[in-house]
Amino acid sequence: MTNKVLSIVVPCYNEQESIPLFFDAVEKESVNLPNVALEYWFINDGSSDNTLKEMRKLQKAHPETVHYASFSRNFGKEAALYCGLQKATGDYVTVMDVDLQDPTSFLPKMLAILEDPENDYDCVGTRRTTREGEPVIRSAFATLFYKLINRISDTEIVNGARDYRLMTRQMVDAVLSMSEYNRFSKGIFSWVGFNTKYLEYTNQERVAGKTSWNFWGLFKYSLDGIIAFSEAPLSIATFVGFLSFVGSLFAIIFIIIRALIYGDPTAGWPSTISIVLMMGGIQLFCIGILGKYLGKIFLEVKNRPIYIVKESDIFSSKKN
C-alpha cells in the first residue's frame, strides 16, 4: 500500500532532448520503489528551445504525477531549484539533473537509507569521485575552489558534492526557510545541518544536449559561494590595506635615506609614481571586495522575487 510520496525536482534549461529520456529512466527505476508514489516537478528556467513543449506533452500524458512550472525568463538554476522545492509536496524530496548525469539507480538505495529506523539520516547526498570528461582547467579550478572555501568558511562543503540528494520533509522546510535572494544551494544544504550520508560515484556523461555551464559562469558561481558563506575576503582586504601601508612607509623611509646619502638626480618622480600606482591598485582591489558584498546586500534589501512563474499546469502567473 502506497503511503509515502517522493517528489522529484528537475530544473531544466534548453533540455528538450533530455526530458523524455529522463522520465523514462526514472519510471523504469520506479519498480524498485513499490511503496512510494512519484511526483515530478519540471521547472523551465526560461528555455529558448522546445523544453516547455516537452513538459506540456509529458504532463498531458501523465496528469496525475507530472507537473511543471515555466519562468517568465531565465532566473538561473538556483531559482529553479528553489521553485521546485517550494512546489514539491512529497514526504521525501529529491533534486536531479535532467541530463541523467545523476544515476537514477541510486534512488531505491537512498530511500532505503532514510527509511531504515536504525539510521538517523535526514539526507542522502551524492558526490563524484572523478571528473573524467571535463576540461582539465575546469577540474583543477573546481578542486581549488573546494579547498579554498573549506579553509575560509565555517560551513563545510563536500568536494564533488552534487545537488542530487534525497531529503526528508523536515530538511526541505529548513532549506525553504532560507529565502535569501543570493542563493548557493551547496552551502545552504550544509548550513541547515541535519545528518547526511554521501554515496559516491564516478562522473557520467550527459545523455543528450549540451551543458549551459561554461568556465566564466562557474567562476562567478564560485565567487557567489565564497561571498555567501565567508567573510574572509573582507579580512583579506583589511590585511592587504594594512600591509600596503607598512610597505609604503618603509619605501618612503628608504627613499629619504637614499636621497640624503646619494642625492636624488631624478627629482623623485619615478618613486612617487610607483607608490601612487601601487596604492591605487590596492585601494581598487579592496573597494572591489567591499563592492561585491555591498552589491549582494543591495539585491537582498530590494526584496525582489527569486523567480516569476509565467505558466504552470496548476496555477497561473505568480511571483515568489
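Lys 77 is partly exposed, at 26% relative accessible area (buried means under 20%, exposed over 50%, partly exposed in between, with a 1.4 Å probe and protein chains only). The model is predicted: local features need pLDDT of at least 70, side-chain atom pairs count only at pLDDT 80 or more, and totals for chains, interfaces and linings use all residues. Residues are numbered from 1 along each chain as its sequence is written, and side-chain values use heavy atoms, with hydrogens and water left out.

Lys 77 forms a salt bridge with Asp 97, with the closest N and O atoms 2.9 Å apart (a salt bridge is a side-chain nitrogen of Lys or Arg within 4 Å of a carboxyl oxygen of Asp or Glu). Lys 77 lies in helix α3 (residues 77-87) and Asp 97 in the loop between β4 (92-95) and α4 (106-115), so the pair ties together parts 20 residues apart in sequence. Helices (H or I, at least four residues) and strands (E, at least two) are DSSP runs, numbered from the N terminus. Asp 97 is buried, at 13% relative accessibility.

Asp 97 also pairs with Arg 162, again by a salt bridge, at 2.9 Å between the closest N and O atoms. This pair links distant parts of the chain: Arg 162 sits in strand β6 (residues 161-168), 65 residues from Asp 97. Arg 162 is buried, with a relative accessible area of 12%. Shared partners join Lys 77, Asp 97, Asp 102, Arg 162 and Asp 163 into one salt-bridge network.

The count comes to eight salt bridges. Among them is Arg 56 with Glu 311, at 2.8 Å. Helix α2 (residues 51-61) holds Arg 56 and strand β8 (residues 308-312) holds Glu 311, so parts 255 residues apart in sequence are tied together. Arg 56 is partly exposed, at 36%. Glu 311 is also partly exposed, at 23%.
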